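This report describes a protein model in terms of its domains, its overall dimensions, one of its sheets and the surroundings of its ligand. The sequence and structure come next.

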Amino acid sequence: MPIEKIIKKNYNLTSLTTFKIGGRAEFFVAVKNRKELIEAINWAKNKKLPLLFLAGGSNVLIIKKKIKGLVIKISGEDYTVNENIISAWAGIGLAKLAEVTYGLGLIGLEWAAGIPGSLGGAVRGNAGAYGSDISGQVAEAEAYDQAKGELVKLNNQACGFSYRHSIFKENRNLLIVSVNLKLTPGEATEIKNLAKVNITNRARTNPKEPSAGCIFKNLEYKKILKENRELALDLEKKGLFRGGKIGAAYLIDQLGLKGRTRGEAKISDQHANFIINTGRASVRDVLSLINLVKKKVKNKYKINLEEEVEYFGD
Ligand SMILES: Cc1cc2nc3c(=O)[nH]c(=O)nc-3n(C[C@H](O)[C@H](O)[C@H](O)COP(=O)(O)OP(=O)(O)OC[C@H]3O[C@@H](n4cnc5c(N)ncnc54)[C@H](O)[C@@H]3O)c2cc1C
C-alpha cells in the first residue's frame, strides 16, 4: 500500500509510550521494515517536514501537546545472522533480539533481558544494565542523515558512546536504521541462565506501573567528585559505588522522597529513580516531580542530576 494511504493526521501517541502520557503528532505512520521507512522518509522530505522516531516509547516523556512533522513509529523483526555478527533492523525489540542470541549461543546481550524498547533506541541512549551497555557490542550503525538526505555508516568509535550517551543524541539529524552487533560465541545454557537471573532481578526492582524506566542517570564517581568531593569520598568509604557509579535512587531515597506525588504521578515506593503513572498523570505532574527531586538533591548534596528520560517533541 502506498505510504500516503497509511499516514494519519493529528494522531494520539499516548498508548505508544510506556509512561502512557502523550501528545498528538501532526502526522504519524507506523513502519515495520526498511522499505516502508525509506518511503516514509521520502514522503516527509517532499513535504519538508521534520522527522521524529518513536520506537518502543520506553524512554520518553512527551512534553508537547502537538508535535510538528512526521512521527515514525518503528517496530518489526528483521535480522540476519552471520556467525557471531547479527545485523538487525533498528525497530526490533532489544529484549527479543537478546533472546535470539541466547538461542544461538552468543554472549553479549544477557544484560538486555527484559529491557523494553528497540535496538535503535538502545543504541541512541547507549542503554545498559548490570555493568554492561550496548556500546560493547555495536560494530556499526547505519543511519539516515536528515541534513544530508542520505544513509551513512558509523563504526563504534564514530558512534561516540559514553554513559547513556551517543552521537545520535547530539546530532538529532541522525536516525538509526540498522545495526551490526558483534557478539562472542559461548555456551547457550550458561547464557540463558545469566539472562534468567537478570530477568528475576529486574522483576524484583522495577515497578510494574507505567513509567519510562529510570528518570535520572546514575552518578559517576568522577561527576560526584567534581561537584561535591566530600560526598564522593564519603560514599566511597561506605562502599556504595558499583562499577564506578552510584544509583541516583540512593540519593533520592536518602531524601525520603519515595511515595511523593504530584497529581497522579508518584515517585515509586519500590525504586526511587522511577516516577510512575498511577492513573492519568499529566506531563506537568511528572515535570513537577522531576524538578522537585533535582532541587532537593542540589540543595542537600550539591549534585546536579541529569535526566536519562528523553523529552520528546522538544
Ligand atoms: C520498566 C523499564 C525498565 C527500563 N530499564 C532500563 C535499563 O535497565 N537500562 C536502560 O538503559 N534503559 C532502561 N529503560 C529505558 C528504555 O527501555 C531504554 O532506554 C530503551 O533503549 C529505549 O528504547 P525505545 O525504543 O523505547 O526508545 P524510545 O523511547 O522510543 O525513544 C527514545 C529516544 O530515542 C529516539 N529514537 C528511538 N529510536 C531511534 C532510532 N532508530 N534512531 C534515532 N533515534 C531514535 C527517540 O526519538 C527518542 O528521542 C527502561 C524502561 C522501562 C519502562
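## Domains

The C-alpha centres of domain 1 and domain 3 lie 29 Å apart. The contact between them takes ten residues from domain 1 and 13 residues from domain 3, where two residues are in contact if their C-beta atoms, placed from the backbone, lie within 7 Å. On the side of domain 1 that touches domain 3, six residues are nonpolar, three polar and one charged; here Ala, Val, Leu, Ile, Met, Phe, Trp, Tyr, Cys and Pro count as nonpolar, Asp, Glu, Lys and Arg as charged, and the others, Gly among them, as polar. The division itself is into domain 1 (3-74), domain 2 (79-200) and domain 3 (208-312), with bounds that come from an automatic or database domain assignment.

This is a predicted model, in which local features need pLDDT of at least 70 and side-chain atom pairs count only at pLDDT 80 or more, while totals for chains, interfaces and linings use all residues. Residues are numbered from 1 along each chain as its sequence is written.

## Overall dimensions

The secondary structure of the protein comes to ten helices and 20 strands, these being DSSP runs numbered from the N terminus (helices H or I, at least four residues; strands E, at least two). Taken along the principal axes, the box filled by the C-alpha atoms is roughly 60 × 50 × 35 Å. The radius of gyration of the protein is 20 Å, which agrees with the value near 20 Å for a compact globule with 314 residues; this radius is taken over C-alpha atoms, and the globule rule is 2.2 Å times the number of residues to the power 0.38.

## A three-stranded sheet

Three strands form an open sheet in the order β17-β18-β19, with antiparallel pairing, two strands being paired if DSSP finds at least two bridges between them. Because β17 (261-262) and β19 (275-277) each have a single partner strand and stand at the edges, one side of each is left without a neighbour in the sheet. Strand β18 (residues 265-267) is joined to β19 by three bridges, and K266 has I276 in β19 as its bridge partner.

## The ligand shell

The ligand is surrounded by 33 residues, of which the closest are G56, G117, G120, G121 and G213; a residue is included if its C-beta atom, placed from the backbone, lies within 6 Å. Elements that give two or more residues to this shell include β3 (51-54), β13 (174-182) and β20 (310-312), while α4 gives the most, with five residues. By class, the shell has 17 nonpolar, 14 polar and two charged residues.
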